[in-house]
Amino acid sequence: MYDYLIIGAGAAGCAIAHFLKKEGKNIAIIDRDGVASGASGAAGAFLSPLAGKKNPYNSFVNDSLSFSLDFYKEVSSESFIKKGVLRVADDNFSKDRLNELQNEYYSSDALKTICSDFKEIEGFFYADAGHINPAEISAKMIEGCDFYKKDIIELKYENGVYDIHGIRAKNIILTQGVNTPLVDAPYIELSPIFGLRVDAKTSTKIPFNIHKSISISTNKKDNTIAIGATQQRHDSKEMLCNTSCDKCSFYIDDEKTQVEYLLEKANELIALRDLEVIKAYKGARASIKSYFPVVGALIDFDATLEKYPSIKNGTKIPKESLLYHPNIYILNALGSRGFVFAPYLANILSQYLLEKTEIADEISTQKLFFKYARKKV
Ligand SMILES: Cc1cc2nc3c(=O)[nH]c(=O)nc-3n(C[C@H](O)[C@H](O)[C@H](O)COP(=O)(O)OP(=O)(O)OC[C@H]3O[C@@H](n4cnc5c(N)ncnc54)[C@H](O)[C@@H]3O)c2cc1C
């Protein structure tokens, strides 16, 4: 009998497994395709700050970042390269916005003295940033937990216990990313945004990570680099996935153009000499409109509205009185910063589960529930 059964072995699932295991819990983690086989295996995986004036969202991102930089250093220093990032202005981040924290400015000439392969660019340097190997880190995080490769179709609950293909557990944590959720929660409106990472060899020595719409990593120990971006919205009505990106017609049709686009964008920042593509990874990350991730106990939408129909008209019901799916929790919607958020959120969820600490409103299931119930029903 496991204390927790986690479904989805990406950044979210592996991080919560790690924190609960550390507290002495007995953990099983399941994935249909293996560890870090979804968005997490495709991730860049850059750990970068969010520039701009302080607001609730970028404070949340930057708090998560500083927690996660320490976390990765401790968990697997060999899969983590702490090097800063040069941010180059683009349509979303003007020079003023990038310089909000008075970061070090590099002119084009200054960059060329560091590396003559830099193109005519200028930017701001953020020292607190890094780059990880997502598959290695994910595997490291679940050391000591039992892993099962299975495709879960439904959750069976009887006499206070979940029994899933003979794997029994008291609690379930859903960390499914963009995949069709095992428990219906219409208020968590996930949409997938597709992206690509290209691992390549180059003889160019890249002194630090570079970001302008796309990201380029500094050289890893074997001299390879990663180039990544997630920008492509899925236009189809089929918003959630039952297949991996490798098999998704939407993505396959577009792969060549995407790789070329990524390399072209990278070469506008720095000349990548003797470039040889090793492998392209595809993935879809899950986001919700607010950009905040979601974490906590899963509310039973229909049962709660049946009991309290006036919620639709704005009646506020205390969160303890809402009806919840028994012992089911979620950690999802990590967006474009999954590896920045995962350890920070996993720590929050583990404290909530073990010590009953509060979850901040902006990342709670309750916030999404009330909003959706009032607007959509
Ligand atoms: C190309 C790309 C580049 C990115 N770059 C960065 C970056 O630089 N920095 C950063 O921090 N983030 C980045 N991200 C975002 C980051 O990868 C995601 O936010 C994060 O990986 C999401 O993790 P997850 O665990 O929620 O989802 P996933 O990694 O998708 O994991 C969900 C897992 O659940 C499994 N699963 C779902 N349903 C079932 C079921 N019923 N039965 C069994 N298994 C199931 C799936 O197989 C999958 O492995 C990038 C994403 C992409 C796609």
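1. In this predicted model, Ile137 makes contacts with Tyr72, Ser76, Ser79 and Ile132, once its neighbours within four places in sequence are left aside. Ile137 belongs to helix α6, and its relative accessible area of 0% puts it under the 20% cut-off, so that it counts as buried. As for its distance from another part of the chain, the C-alpha atom of Ile137 is separated by 39 Å from that of Ala303, the two residues being 166 residues apart along the chain.

2. Ile137 should be read together with the rest of its helix. In α6, which spans residues 134-141, the buried residues are Pro134, Ile137, Ser138 and Met141. These residues lie on the same side of α6, because the arc that they cover around the axis is only 100°. The elements against which the buried residues of α6 pack are the helices α1 (11-22), α2 (39-42), α3 (56-75) and α10 (338-355), together with the strands β8 (130-132) and β13 (191-201). At the start of the helix, the backbone nitrogen of Ala135 has a side-chain oxygen of Asn133 within 3.2 Å.

3. Two of the helices named above, α3 and α10, also deserve a comment as a pair. How do the axes of α3 and α10 cross, and within what distance do they come? The axes come within 7 Å and cross at roughly 85°, a value inside the range of 65 to 115 degrees, and α3 and α10 are therefore roughly perpendicular to each other. On the α3 side the contact involves Tyr57, Phe60, Val61, Asp63, Ser64, Leu65, Phe67, Ser68, Phe71 and Tyr72, while α10 contributes Phe339, Val340, Phe341, Pro343, Tyr344, Leu345 and Asn347. By residue class, the contact of α3 with α10 comprises 13 nonpolar residues, three polar ones and one charged one. Tyr72, listed here on the α3 side, is also one of the residues in contact with Ile137.

4. The peptide bond from Gly44 to Ala45 is cis, its omega being near -10°, and Ala45 is placed in the loop between α2 and β3 (46-47).

5. Asn159, a residue other than glycine, has a phi near 50° and sits in the loop between β10 (157-158) and β11 (161-164); with a relative accessibility of 76%, Asn159 counts as exposed. Ser213, which is not a glycine either, has a phi of about 65°, and the loop that holds Ser213 runs between β14 (209-212) and β15 (214-216). At a relative accessibility of 34%, Ser213 counts as partly exposed.

6. Is Asp3 buried or exposed? This residue of strand β1 (residues 2-7) has a relative accessible area of 17% and therefore counts as buried. Beyond its neighbours within four places in sequence, Asp3 is in contact with Lys25, Asn26, Lys170 and Asn171. With Asn26, a polar atom of the Asp3 side chain lies 2.7 Å from the backbone nitrogen, whereas with Lys170 the polar contact is one between side chains, at 3.2 Å.

Note on methods:
Residues numbered from 1 in each chain as written. Predicted model: local features only at pLDDT ≥ 70, side-chain atom pairs only at ≥ 80, totals over all residues. Heavy atoms only, no water. Buried < 20%, exposed > 50% of the residue type's maximum accessible area, 1.4 Å probe, protein only. Helix = DSSP H or I, 4+ residues; strand = E, 2+ residues; numbered from the N terminus. Arc of directions from axis to C-beta. Contact = heavy atoms within 4.5 Å. Polar contact = N/O pair within 3.5 Å; in protein donor to acceptor, adjacent residues only side chain to side chain. Axes fitted to C-alpha atoms, helices over the stretch in contact; angles between N-to-C directions. Parallel < 35°, antiparallel > 145°, perpendicular 65-115°, else oblique. Nonpolar A, V, L, I, M, F, W, Y, C, P; charged D, E, K, R; others polar.
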